[in-house]
Amino acid sequence: MVKGSDSGPSDTAGTAAGPGRPRDPRIDAEVLEVTRALLLEVGWDALSVRGVAARAEVSRAALARRWPSKAHLVLDALLGATPDLTPFEGTDRAGWIRWVVAGSTELFARPEVRAAAPGLLAALRDHEDLRTLLWRGFSEPSTALFARGGPADDDDLLDARAVLVMAAGAALFTSLVAADDDTAQLRDRILELLLPAAGDAD
């Protein structure tokens, strides 16, 4: 899974932004930080947009304009607004697979992600727009980089999506279900099984 960058605009607390008035990104960052902190403190079920607004000292209406639901807010807090593609710069296909496996493991090892995962999975099941935002918004930019010196063809992109699904799925499953077997040896073996998709992996 590709981790994102925490960026995006937000309204200033307690004031209505006029036409064309830029939102303050510092407020946005504060709201996302508060969301992550509250996930650890109270968990998904007790987390509310109202509670985040109160802790961040931002109006509830301001948050609603930026994030239409708790799930949207949490997803943004955990992954950011856009995928971080810097780990893929200058890497080959084997390096791409290594980073997808490592990045997925790192993501689902984060305590705030573990706290949010069960509730967020239910929200993703019920909201097509969230599923599209997560999968298309994060998978397509990264899978497009699964190439060696040129654009990837359809088979390459299918391989990249398959690797992404298997790596992220394995990391999620071990995080939530098979935690006792979530060892370095298991992660290394998962990587070994996926590396042949690179075509020229050692």
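This is a short tour of one protein chain, stop by stop.

**The whole chain**

Start with everything shown. The model is predicted. Colour by secondary structure: the protein chain has 9 helices and 2 strands. Follow the chain along its sequence and the order is β-α-α-α-α-β-α-α-α-α-α. The protein chain exposes about 10,400 Å². Carbon and sulfur atoms supply 55% of that area. Of the 202 residues, 41% count as buried. Contacts are worth a look too. Take those with a separation of 6 or more: residues 24 or more positions apart account for 72% of them.

**Residues 48–67**

Select residues 48–67. UniProt lists this span as "DNA-binding region", in an unreviewed entry. The span is 75% helix and 0% strand. Its end C-alpha atoms lie 12 Å apart.

Zoom in on glutamate 57. Where does glutamate 57 lie? It sits in the loop between α2 (49–56) and α3 (60–66). Glutamate 57 has a relative accessible area of 64%, so it counts as exposed, the cut-off being over 50%.

Move to helix α6, residues 111–126, and pick glutamate 112. Is glutamate 112 buried or exposed? It is buried, because its relative accessible area of 12% falls under 20%. Show its side chain. A polar contact of 3.0 Å links it to the side chain of arginine 110. Then display what else glutamate 112 touches. Leaving out residues up to four places away in sequence, these are Arg36, Leu39, Leu40 and Leu78.

**Further along α6**

Stay in helix α6 and select leucine 121. Leucine 121 is partly exposed, at 39% relative accessibility.

**After the helix**

Last stop: histidine 127. This residue is found in the loop between α6 and α7 (128–143). Histidine 127 has a relative accessible area of 35%, so it counts as partly exposed. Histidine 127 and alanine 71 are 56 residues apart in sequence. In space, their C-alpha atoms are 9.3 Å apart. Draw that distance in the viewer to end the tour.

Terms used
Residues numbered from 1 in each chain as written. Predicted model: local features only at pLDDT ≥ 70, side-chain atom pairs only at ≥ 80, totals over all residues. Heavy atoms only, no water. Helix = DSSP H or I, 4+ residues; strand = E, 2+ residues; numbered from the N terminus. Buried < 20%, exposed > 50% of the residue type's maximum accessible area, 1.4 Å probe, protein only. Polar contact = N/O pair within 3.5 Å; in protein donor to acceptor, adjacent residues only side chain to side chain. Contact = heavy atoms within 4.5 Å. UniProt positions renumbered as here; feature names shortened; annotations may be inferred. Areas by Shrake-Rupley, 256 points an atom, 1.4 Å probe, with all protein chains shown as cover.
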